[in-house]
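Open the model in your viewer and keep the sequence panel beside it.

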Amino acid sequence: MGNIFAGSEVVEIGIQIEINGRDFYNTLLKQTKNPKAAEIFKFLSQEEERHIKAFQGILEKVRKYEPQGLDSDEYYAYMNALASEHVFTKKDQGVKIAQLIKTDKEAIQKAIGFEEDSIVYYEGVRKVVPDFDQKVVDELIAQEQNHLRQLIELKAAL
């Protein structure tokens, strides 16, 4: 079995996840009537935009990098499975999903799931980026964890 993803493809999927996340939060921002939810959605949209830029910077470096010490067939099959289950890997899914949401509580619950999925995916991404970029991915994971915390707090407040 050949590699399903190269390291650069794994990072490109991360970019698509962040683009869809940004679009998801921007759509929710337009739909909500709750000022607190609007504040969080706007913040999260801006954060996703920052993550897009960070991953684009990593992508330039990782295109020439081959990860060492991985059982690549097994690892890339794992990343393929994660990506195929992550709805935000499909182009334009963020807006489509957000438009189907009827309540702020439903939006928050969906966003919590997406943030959790992103954390798991980025923990996998960390293994295919060069050592010097792992710190960047670690920071992105920490930010996603913070987003998750904020969403859980918002859910409790609604």
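Contact here means heavy atoms within 4.5 Å. Helices (H or I, at least four residues) and strands (E, at least two) are DSSP runs, numbered from the N terminus. This is a predicted model, in which local features need pLDDT of at least 70 and side-chain atom pairs count only at pLDDT 80 or more, while totals for chains, interfaces and linings use all residues. Residues are numbered from 1 along each chain as its sequence is written, and side-chain values use heavy atoms, with hydrogens and water left out.

**Stop 1: helices 2 and 5**

Select residues 35-62, helix 2, and residues 104-125, helix 5. Their axes are 13 Å apart and the packing angle is about 20°; axes are lines fitted to C-alpha atoms, for helices over the stretch in contact, and angles run from 0 to 180 degrees between N-to-C directions. Helix 2 is therefore roughly parallel to helix 5 (angles under 35 degrees count as roughly parallel).

Now show side chains. From helix 2, pick Ala37, Phe41, Glu48 and Phe55; they meet Asp104, Ala107, Ile108, Glu115, Tyr122 and Val125 of helix 5. Seven of the residues in this contact are nonpolar, three are charged and none is polar. In this scheme Ala, Val, Leu, Ile, Met, Phe, Trp, Tyr, Cys and Pro count as nonpolar, Asp, Glu, Lys and Arg as charged, and the others, Gly among them, as polar.

**Stop 2: helix 6**

Select residues 131-157, the 27 residues of helix 6. From first C-alpha to last, helix 6 reaches 40 Å, close to the 39 Å expected at 1.5 Å a residue (1.5 Å times one less than the number of residues).

Colour by accessibility: buried means under 20% relative accessible area, exposed over 50%, partly exposed in between (1.4 Å probe, protein chains only). Buried residues of helix 6 include Val137, Leu140, Ile141, Glu144, His147, Leu148 and Leu151.

Is Gln150 buried or exposed? Gln150 counts as buried because its relative accessibility is 15%. Beyond its neighbours within four places in sequence, Gln150 is in contact with Phe43 and Leu44.

Glu139, also in helix 6, counts as partly exposed because its relative accessibility is 44%. Draw a C-alpha to C-alpha distance from Glu139 to His51: 9.8 Å in space, for 88 residues in sequence.

**Stop 3: the whole chain**

Zoom out. The protein has six helices and zero strands. Of its 158 residues, 46% are buried. Among contacts between residues at least 6 apart in sequence, 84% join residues at least 24 apart.

Methods
Parallel < 35°, antiparallel > 145°, perpendicular 65-115°, else oblique.
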